[in-house]
Amino acid sequence: MLTPPETLLPPASGAWREGDPPGRRRWYEHAGPLPLEAGGELPGARLAFETWGRLADDRSNAVLVLHALTGDSHAAGDAAPGHPTPGWWDGLIGPGRALDTDRWFVVAPNALGGCQGSTGPSSRAPDGRPWGGRFPFLTQRDQVAAEAGLADRLGIDRWALVAGGSMGGMRALEWAVSYPERTRALLVLATAAAASAEQIAWAAVQLHAVRADPHWRGGDYHDAGPGLGPHAGLGLARRLAHVTYRSEPELRDRFGRAPQGAEDPWRGGRYRVESYLDHHAAKLVRRFDAGSYVTLTEAMNSHDVGRGRGGVRAALGRVRARTLVAGVDSDRLYPLSQQAELAAGIPAADHLRVIGSPRGHDGFLTEVEQVGALVGELLG
């Protein structure tokens, strides 16, 4: 069922909540319980999504765009009531752009487990209380299963293109492996066939930061009142994550060892790079829910496209989509070796493409012209 904006979420810091402007969001409700890979089921699942362009009569022009960890359905458009940040791929989607919405029908769902309109820890459970720490463990396959239900409801049997980077790249890859007949072309950026030990280690420190906050309360903080969520822990997790998202040369060239304005680091002041991290931490805390951060990070740690499929090589061999795999040359979180494995293992993949950027892992978001050229190759 596709539903209009209505009462969806309880008040929760950092989450889209009851009474907030819906913006461009629409909602899809999964029919019946959603079975989960880890066991059990989610008794009800709702996805927020946005669309751009018009679906062709033969439904052949649909493109699925999948967001990274702290993204959402707002892939294009300005910040506005209902949307706290501008579209994360705004330069890629729109009339005359690489994903030309005069030609393509672009769909961007908010991942299951998220906090911008989709069912997640801040949503109400069947008993009327927030899920909180009771929210079940999700994997990328669970998220893709929910997205497949959305595609069914929209009448889309096959995507002209499925595209995503980082966590979105994990889901894009799962789409092509789980539903090879429904994925005509595939673009995976700055991602891996399986989360590595180092990636899990970085994520584990972030998870510990959130859970160590005294306001975490085992995840059951959504009804604790304004300002009482684990904001300090989430901010610390974001600071750590953001360092891994950028490159050392960029941080050196942008900030060096300079103090922040008139502040003196020898007397309790900050360096400019510290102020930069504080800024990004504060931005995330204002718009994101700590419970969703934990849920989605754990899902990323679980990512292994070869699980239960005979290993990575066998799983990649199931992909039938024409595929481009690209990585960022300065990415220290998802190194090029991981994308090289994907390009070598997917039968219809071209050679590994390299995005040149000083911005590290975030290059898949910022280097819009280079990413747009890859989209153009696939959609010709």
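**Figure 1. Overview of the predicted model.** This is a predicted model, in which local features need pLDDT of at least 70 and side-chain atom pairs count only at pLDDT 80 or more, whereas totals for chains, interfaces and linings use all residues. Residues are numbered from 1 along each chain as its sequence is written, and side-chain values use heavy atoms, with hydrogens and water left out. The secondary structure of the protein comes to 11 helices and 11 strands; helices (H or I, at least four residues) and strands (E, at least two) are DSSP runs, numbered from the N terminus. The protein has a radius of gyration of 20 Å, close to the 21 Å that the globule rule gives for 380 residues, so it is as compact as a globular protein of that length. The radius is taken over C-alpha atoms, and the globule rule is 2.2 Å times the number of residues to the power 0.38. Along the principal axes, the C-alpha atoms fill a box of roughly 65 × 50 × 45 Å. Of the 380 residues, 55% count as buried; buried means under 20% relative accessible area, exposed over 50%, and partly exposed in between (1.4 Å probe, protein chains only). Among contacts with a separation of 6 or more, 72% are between residues 24 or more positions apart, a contact being heavy atoms within 4.5 Å.

**Figure 2. Strand β6 and its two partners.** β6 covers residues 62-66 and β7 residues 105-109. In β6, 5 of the 5 residues are buried, so this strand is largely enclosed by the rest of the structure. Ala-62, Leu-64 and Leu-66 lie on one side of β6, with Val-63 and Val-65 on the other. β6 runs parallel to β7, joined by 3 bridges, and parallel to β8, joined by 4 bridges. Two strands pair if DSSP finds at least two bridges between them. In β8, Leu-64 has Val-162 as its bridge partner.

Figure 3. β8 (residues 161-165) pairs with β9 in the parallel sense over 4 bridges, and Ala-163 stands opposite Leu-187. β10 (residues 322-328) also runs parallel to β9, with 5 bridges between them; here Ala-185 is partnered by Arg-322.

**Figure 4. Helix α5 and its buried face.** In α5 (residues 248-255), the buried residues are Glu-250, Leu-251 and Phe-255. Seen down the helix axis, these residues fall within an arc of 95°, so they line one face of the helix; the arc is that of the directions from the axis to the C-beta atoms. Their cover includes α6 (272-287). At the start of α5, a side-chain oxygen of Ser-247 reaches to within 3.2 Å of the backbone nitrogen of Glu-250. Gly-256 follows the helix, with a positive phi near 50°.

Figure 5. The side chain of Thr-70 makes a polar contact of 3.4 Å with that of Arg-238. A polar contact is a pair of N or O atoms within 3.5 Å; within protein, one must be able to donate a hydrogen and the other to accept it, and residues adjacent in sequence count only if both atoms are side-chain atoms. Pro-84 is found in the loop as well, and is partly exposed at 46% relative accessibility. Leaving aside neighbours within four places in sequence, Pro-84 is in contact with Ala-79, Gln-116 and Arg-287.

Figure 6. Most residues other than glycine have a negative phi. Ala-190, in the loop between β9 and α3 (197-211), has a positive phi of about 50° and is buried at 1% relative accessibility. Arg-217, in the loop between α3 and α4 (231-245), has a positive phi near 55° and is partly exposed, with a relative accessible area of 47%.
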